[in-house]
Amino acid sequence: MSDTRLHEYRLEEGVPTVDRYLALRSRAGLSPKNADQALAALSGSWCAYRVTHLATNEVVAMGRVIGDGGWYFHIVDMAVLPDHQRQGLGDDLLAALLQHIVDRAPAGAFVNLLADEPGRRLYERHGFTYTAPKSLGMAKILGDAGDGSPQLG
């Protein structure tokens with residue numbers, strides 16, 4: 001973290017609380033989740049970092065890695081609140097996540113992410129490249145039929 005940001009923000013390892021996680025996702029424009037999803041997601045993190053704004057003690061940015069600790073590492077939940085964007089917090093978070101992987105993972109680890117439009121330049125600056133046409137990302141979202149039973153959708 002730059003000297004300027006050191007006086008305004010604190011980058012620390014760990015996840016935010018469930019409430020702060022849900023608020024940060026919502027305010028940063030990520031898809032909404034419920035408390036059960038948040039609790040499971042946060043406890044399933046391989047590693048995570050958060051950024052706290054010192055003047056307000058508010059968590060204003062976060063990023064997590066999920067993975068198996070050996071080969072696959074998937075960067076998720078990269079989020080910075082709009083009022084704190086364009087200050088290098090995303091760069092600091094991503095650098096911390098990547099360094100955590102480098103320090104603990106075996107050589108040859110596979111690190112990936114899904115790059116929505118707003119973050120693509122950030123990820124490219126940190127060495128991420130598109131996998132197409134060799135491989136393409138695919139997804140399947142499980143829905144809810146309204147009666148509590150999951151539906152493939």
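A: The account below follows the charged side chains one after another and ends with some features of the backbone and surface.

The model is predicted, so local features need pLDDT of at least 70 and side-chain atom pairs count only at pLDDT 80 or more, while totals for chains, interfaces and linings use all residues. Residues are numbered from 1 along each chain as its sequence is written, and side-chain values use heavy atoms, with hydrogens and water left out.

The structure holds seven salt bridges (a side-chain nitrogen of Lys or Arg within 4 Å of a carboxyl oxygen of Asp or Glu). In one of them, the side chains of glutamate 12 and arginine 50 meet at 3.2 Å, N to O. Glutamate 12 belongs to strand β1 (residues 9-13) and arginine 50 to strand β2, so this pair ties together parts that are 38 residues apart in sequence. Here helices (H or I, at least four residues) and strands (E, at least two) are DSSP runs, numbered from the N terminus.

Arginine 50 has a relative accessible area of 18% and is therefore buried; buried means under 20%, exposed over 50%, and partly exposed in between, with a 1.4 Å probe and protein chains only. The side chain of arginine 50 also reaches two backbone oxygens, that of glycine 14 at 3.2 Å and that of valine 15 at 2.9 Å. Both are polar contacts (a pair of N or O atoms within 3.5 Å; within protein, one must be able to donate a hydrogen and the other to accept it, and residues adjacent in sequence count only if both atoms are side-chain atoms). Beyond residues up to four places away in sequence, arginine 50 touches, among others, Arg10, Leu11, Pro16, Val59, Ala61, Met62 and Leu93, a contact being heavy atoms within 4.5 Å.

Another salt bridge joins aspartate 77 and arginine 25, whose closest N and O atoms are 2.4 Å apart. Aspartate 77 lies in strand β4 and arginine 25 in helix α2, so the two link parts 52 residues apart in sequence. Both aspartate 77 and arginine 25 are buried.

Aspartate 77 has a further polar partner: the side chain of arginine 64 makes a polar contact with the aspartate 77 side chain at 2.6 Å. Arginine 64 is placed in strand β3, and at 6% relative accessibility arginine 64 counts as buried. A second polar contact, of 2.8 Å, joins the side chains of arginine 64 and serine 45. Leaving aside residues up to four places away in sequence, what arginine 64 touches includes Val15, Tyr21, Ala41, Leu42, Cys47, His74, Ile75 and Leu97.

What else is buried in the helix that carries arginine 25? In helix α2 (residues 18-27) the buried residues are Tyr21, Leu24 and Arg25. Seen down the axis of α2, these residues fall within an arc of 100°, so they line one face of the helix; the arc is that of the directions from the helix axis to the C-beta atoms. An α-helix has 3.6 residues a turn, so residues three or four places apart point the same way. The cover over the buried residues of α2 includes α3 (35-43), β3 and β4. After α2 comes glycine 29, with a positive phi near 90°.

Glutamate 117 is exposed at 56% relative accessibility, whereas arginine 120 is partly exposed at 29%. Salt bridges with shared partners also join Arg10, Glu12 and Arg50 into one network.

Some backbone features remain. Most residues other than glycine have a negative phi, and most peptide bonds are trans. Arginine 86, though not a glycine, has a positive phi of about 65°. Arginine 86 lies in the loop between β4 (72-80) and α4 (89-104) and is exposed, with a relative accessible area of 77%. Asparagine 57 likewise has a positive phi, of about 60°, without being a glycine; its place is the loop between β2 (47-53) and β3 (58-67), and it is partly exposed at 43%. A cis peptide bond, with omega about 5°, joins alanine 132 and proline 133. Proline 133 is in the loop between α5 (120-125) and β6 (142-144).
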